[in-house]
Structures are given as C-alpha cells and as structure tokens.
Amino acid sequence: MRYIALLRRFLQLNLLRELAYRSNFYMQIFQSLLSLGFGLVGLAVIFDHTSALNEWHPGELLVLLGVYQLVGGVINLVIQPCMQQLMREVHQGTLDFTLLKPEDAQFLVSIRQIQIWKLCDIVLGLVVVGIALAHLGATVGAGQMLTFLVALVAGGAIVYSFWLMLATCSFWLVRVENILVIFQDLYQAGRWPVSIYPSWLRWTLTFLVPVTVATTIPAQALIGQLAWPTLLGVALFALLTLVLSRWFWLFGLRHYTGASA
Amino acid sequence: MKALLAVYRAQLKTSFLMYLQYRASSVLWLLGMVLEPVIYLVVWSTIAGANGGAVDGYTAGDFAAYFLVLLLVNHLTDNWVYYEFQERVRQGLLSPLLLRPIHPIHADIAQNLTYKFMMLVVMLPTAGALGLVFHPTASITPLSLLLFLPSLVLAIAIRFLVEWSLGLTAFWTTQMSAVIQVYYVGLFFLSGQMGPLALFPAPVQVLAQLLPFQWMLAFPVQLLLGQLDQHAIVLGLIAQTIWLCLSLAMMTVLWHRGLRRYSGMGA
C-alpha cells in the first residue's frame, strides 16, 4: 500500500515537472509518429518482395511492430531514465542521499524518473496492435489476452532486471553509460521475429541482451502462436532474473562505498 | 599550407592518444554499428531464401557482400560532429575554440579521421568474421577498386560537411530539432542502409537520386561491387562533385551567419 502511495507521488512530481515544458509533448508526438512511420515504410519495402517473412504475414508483423513500439515506450517511460539516473548518481556520488531514505532503495531508484510523454509510444503501439488484429480478422479471446499480458509483464521484468544488473555494475566500474547506449541499437533487432536470426544471434538476443523475449513472444501470444511451455519458460526466466538482479543489487550495495564517504 | 599540415599532425597525435584512453567505449560504439547491417542482411537473406534464392537478382551472397561493404563504408563515412557541435554551443565550449587562429573544422576533421583509421583495426576483422558466417559473393575488379577510392573520399567529405552544417543549426535552436530526426530517417532509407536502392519503388529511387543521401553511402558500395554500369558511374561521380560544392557552400554560409548570432552561452 505504501509503495502504491509512493508511486503516485513520484508520478505527480514527474507530471508537474513535465508540464513546465509543454512543447516537449508535441515533440514527442512527432517523434512517436516518425518512429512508427519508419517501421511501416520498412514493412512496406519488405512486403513489396515477398508475401511472408519466415511464416510471418504482413498483419502479424504489424502486430509485432505495435508490440515493439509499446514495449519500447515502457522502456523509455521508466526503465531507461531511472537506470540512467542511477548510473549518473553513482558517478557523481549523489546516490548516498537516496540510500539514506527510509524506503527500499531498489524501489526508489526504479520509479523516481518517469518520462510521462513516452506514454505516446505506448498508446500508439496499442493502436497499431488493435488495427493489425482487426486487419487479421482475429478474435482475441480472454485466454489469449491473458497470455499476452503475462508474456508482456514477463518480458518487461526480464528487460528491467537486465538493466538493473548493468546499472549495478557501475558500483565497481563507475562509467558504464556506454553499454546502455548500445541497448538502443540492439533493441532495433526486436522489430523482426527472432526466428529469422541465425542461432548464435538468436541466443545472444534472448539470453545475453533480452530484446526479443520482450517483443516477439508477446506478439506471438496475441496472434495465438505461443505454446504453453514457452510461456511457462518465459515466466520462470522472468522470475529467475528478478531474483538474480535483486540479489546482485544487494550484493553491489554492500560493496558500494559512496563517493564522498 | 605547411602550417596547416603541422596543425593536422599535432591534432592527429592528440586525438590518437585520447582514443587510446577510451578504447573500451570506442569498441562498444562499434558493436551498435555492426548490428544494424547484420539485421537487414538477415531479413533480406530470409526473403531471398523464401523466393527461391534471389530477390530481383540479388542472391543471399550478393546481400552479404552488399551489407559487409556497407558496414565498412558506413564506418568510414560516419561521424558525430552534429552531436558534438550541439554540446559545444549549449555549454559555451565554442568560445575558446573561436579564439584560436584556425577554423575549428580542422580539429574535427583530424579527430574524425583518427577514429576511423584506429577503429579499422577492429572493424576489418569484424567484417572478416561476418564474411565467414554469411558467405558473400562478389567479384571486385582492379578498375572498380580504383574508382571506389575517389568516390569513398567524396562520400566521406559530403557526409562530414552536411552533418557539420546540421550541427551549426545549434546556433538557432538549442534543442534537438525535428530537422535532425527527419534527416536520420531519410539517411536510413535513402542512403541504402536498409537495402540496395534498386529494391525500392521507382519514385523512391528518383527521390534518392535527387537527395544527397545515396552519394554518401550506397554509391561507393555499389561501385566497388561492380553493380553499376559505366553511365551510372560517371553520373554518380558528377553528382558527388555537385553535392560536395553545395555542402561546402551551405557550411560556409551557415557558419558565418551563425557566428554573428552566437553570443557565447554560459561564457
């Protein structure tokens, strides 16, 4: 309950801060539309030459594009800004102030930076998914919706754990921002179904940098091509990474000496 | 002229030492650059496989050759002067540079060249390793190699001048402007980063002929791989020369206009 109250307070704070820069909102709408247009043109060029990309038909790839935009929105809304701030504070030594607060530090560092306008990407992603599903003529039942939500949450949890572990590395390495810039480039790979990549790249994009679990698998759930065992595996993988990143974070904190102390 | 050479020698040396210090992060930057061509190589190869081996005459091996050469040419023509210039103007770092008795573009050129050639040490083996994985097929003749070199130099110069000019827009706007974002989207599709321009619809190809993007990237790549006829090569070299003059003029005008506006923020 207290956590929900805290989350609400942080949302309010971030909303107030962003309302001071209202032109950013229009800039964000422009950016979201541009990035969506980018994806659509890519699909148009591809499907000018083929009717299916590795068993994925245009409507299904459109679902994937929507999920890609949606998940990217979630990452940019809260995960990336929070973790970037965490790393900046380790570098500048101001993290000490957060650690002194009488709340769970992992919770605080994970919710205090929210880039409200990134909600545009999430809304736009949902619209694309909706249009694509209507185009496919598919009726999404309650079961399918539930699988989609489970896959989406699990994918988000895996990406979050990955970022938290990388950010925790900054306790020792101090400067790791570069690694996170690379994530933006790697996330591009999630635009396409993971099955097209050669096995070494597929492995990397699933376990080393978990990009595709967050995009391909929820999309598969929506178009009804996700087998139960895969969903179960992803959910377990998500739990495992959450526990692992929690442990690593606490381990890192014990080794953190602060910059000024 | 002799003084300028001495300046370049000194700049090359300092930037060499600087990058040596940050070699780990420089290598990380490369990783991101390598992945994109690999993604689109995989996408096009998949389509070629599904279409019975080729897309409009491009086999999987042709795509591999195209994207591997593209990877190298993209590395050689790439720069981040736009981003750096924005920071300079925003933080007032430009002021000390203006006090020097030499145009600041020379330092940027030297720094950029150092990075490119240092990183070739990593880039060439990476391209080689990818070559072993994706099996490119290409027949590069001595003549195409000979013509490739000037077109590569022209491509590097055009892209550098255009993006330096884009950086100069920081004099007028202090926020990342919409123009820059549209530029990068245009660059991706029209420079051939997504795939050979021949695979795009005809109106897009005409547009690509008129804009500078393909002369910064796709033209040298296709020239080297022998995918262009005599007519297209001559036309391309002329287009590159025209764009070099245009971008040089644009840079000069924006620089003089911008300097008059610049009041030294933060200084």
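**Stop 1: two helices in chain B.** Select helix α7 (residues 142–168) of chain B together with helix α12 (residues 230–261) of chain B; in this predicted model, their axes come within 9 Å and cross at roughly 25 degrees. Angles under 35 degrees count as roughly parallel, so α7(B) is roughly parallel to α12(B). Look at the handedness while you're there: the crossing of α7(B) and α12(B) is left-handed.

Stop 2: Next, pick His135(B), which sits in the loop between α6 (105–134) and α7 of chain B. Check its backbone: phi is positive, about 50 degrees, although His135(B) is not a glycine. Is His135(B) buried or exposed? With 11 other C-beta atoms within 10 Å, His135(B) is exposed.

**Stop 3: where the chains meet.** Bring up both chains and select the contact between them, which takes 22 residues from chain B and 24 residues from chain A. Stay on the chain B side for now. Which elements give two or more residues to the side of chain B that touches chain A? They are α2 (23–50) and α8 (178–190) of chain B. Highlight α2(B) here, as the largest share of that side, 12 residues, comes from α2(B). By class, the side of chain B that touches chain A has 16 nonpolar, 5 polar and 1 charged residues.

**Stop 4: the largest nonpolar core.** Now go inside. The largest nonpolar core has 121 residues. Those with the most contacts inside this core are Val63(A) and Ile79(A) from chain A, plus Val43(B), Phe63(B), Phe67(B), Val69(B) and Val221(B) from chain B. Show helix α3 (residues 58–92) of chain A too: the largest share of the core, 19 residues, comes from this helix.

Zoom in on Val63(A). Leaving out residues up to four places away in sequence, Val63(A) touches Val129(A), Ala132(A), Leu133(A), Ala219(A), Leu222(A) and Ile223(A).

Stop 5: Finish at Asn54(A), in the loop between α2 (23–47) and α3 of chain A. Here's another backbone angle to check: phi of Asn54(A) is near 50 degrees, a positive value in a residue other than glycine. How many C-beta neighbours does Asn54(A) have inside 10 Å? There are 18, so Asn54(A) counts as partly exposed.

How values were computed: Residues are numbered from 1 along each chain as its sequence is written. Chains are lettered from A and ligands numbered from 1 in the order in which they are written. This is a predicted model: local features need pLDDT of at least 70, side-chain atom pairs count only at pLDDT 80 or more; totals for chains, interfaces and linings use all residues. Axes are lines fitted to C-alpha atoms, for helices over the stretch in contact, and angles run from 0 to 180 degrees between N-to-C directions. Helices (H or I, at least four residues) and strands (E, at least two) are DSSP runs, numbered from the N terminus. Angles under 35 degrees count as roughly parallel, over 145 as roughly antiparallel, 65 to 115 as roughly perpendicular and the rest as oblique. A crossing is left-handed if the near helix is turned anticlockwise from the far one by less than a right angle, and right-handed if clockwise. Two residues are in contact if their C-beta atoms, placed from the backbone, lie within 7 Å. Ala, Val, Leu, Ile, Met, Phe, Trp, Tyr, Cys and Pro count as nonpolar, Asp, Glu, Lys and Arg as charged, and the others, Gly among them, as polar. A nonpolar core is a set of buried Ala, Val, Leu, Ile, Met, Phe, Trp, Tyr and Cys residues joined through C-beta atoms within 7 Å. A residue is buried if 20 or more other C-beta atoms lie within 10 Å of its own, exposed if 12 or fewer, and partly exposed in between; C-beta atoms are placed from the backbone.
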